[in-house]
Amino acid sequence: MKKQITLIAILLIVASTIISCKKDTTSLKAQMMGRWTLNRIVTTGYTADETLKDPTKINGDVTYGKTSDYVDYKSNNDDQVEISLSGNKTIGTYQIIYSDQFTMELNDGNNFCMVNSLNGNQFQFTATINNRIKKVYYLSR
């Protein structure tokens, strides 16, 4: 009888452990994770002086969408993000702030990001740099 009670207790512990280990699919980080194709970026807020000094700082709508254009939110413990624009890679970090906000620290500075829409195959967010430069990212899987 003692063996049966012990066996039942062990089975209950194993079953409750399996049930409690549910995969997180609803948090912002879980939904963002992985590689997204970068389709386009719409940029506003650069001054004429900034665009003259640095040709990479331009306002406008730039279309991407090739296999070399992507944003990859890594699942490692460092919370790294890798962005590839026309083959030029940038590695930075990201941090979740709220259920619809995150930051990305990239070579252009700290990007405060607000999620516009996110589902299984579309991700759109607006990144704000220095409280005036806005970049709207359009991603897909």
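Modeller: Happy to. A residue is called buried under 20% relative accessible area, exposed over 50% and partly exposed in between, using a 1.4 Å probe and protein chains only. Please keep in mind that this is a predicted model, in which local features need pLDDT of at least 70 and side-chain atom pairs count only at pLDDT 80 or more, while totals for chains, interfaces and linings use all residues. Residues are numbered from 1 along each chain as its sequence is written, and side-chain values use heavy atoms, with hydrogens and water left out.

Helices (H or I, at least four residues) and strands (E, at least two) are DSSP runs, numbered from the N terminus. Asp-79 counts as buried because its relative accessibility is 19%, whereas Lys-29, at 29%, is partly exposed.

Another salt bridge links Lys-53 and Asp-49 at 3.3 Å. These two are four residues apart in helix H3 (residues 48-53), so about one helical turn separates them. Lys-53 is exposed, with 65% relative accessible area, and Asp-49 is partly exposed at 44%.

Glu-82 and Lys-74 meet at 3.8 Å, N to O. Through shared partners, salt bridges join Asp-72, Lys-74 and Glu-82 into one network. Glu-82 is buried, at 12% relative accessible area, while Lys-74 is partly exposed at 25%.

Contact means heavy atoms within 4.5 Å; leaving aside neighbours within four places in sequence, Val-81 is in contact with residues including Asp-72, Tyr-73 and Met-104. Val-81, Tyr-73 and Met-104 are also among the residues that touch the most other members of the largest nonpolar core, which has 21 residues. Strands S3 (70-73) and S4 (80-85) and helix H2 (28-32) are among the elements that each supply at least two residues of this core. A nonpolar core is a set of buried Ala, Val, Leu, Ile, Met, Phe, Trp, Tyr and Cys residues joined through side-chain atoms within 4.5 Å. As for the protein overall, buried residues make up 30% of its 141 residues.

Definitions and conventions: Salt bridge = Lys/Arg side-chain N within 4 Å of Asp/Glu carboxyl O.
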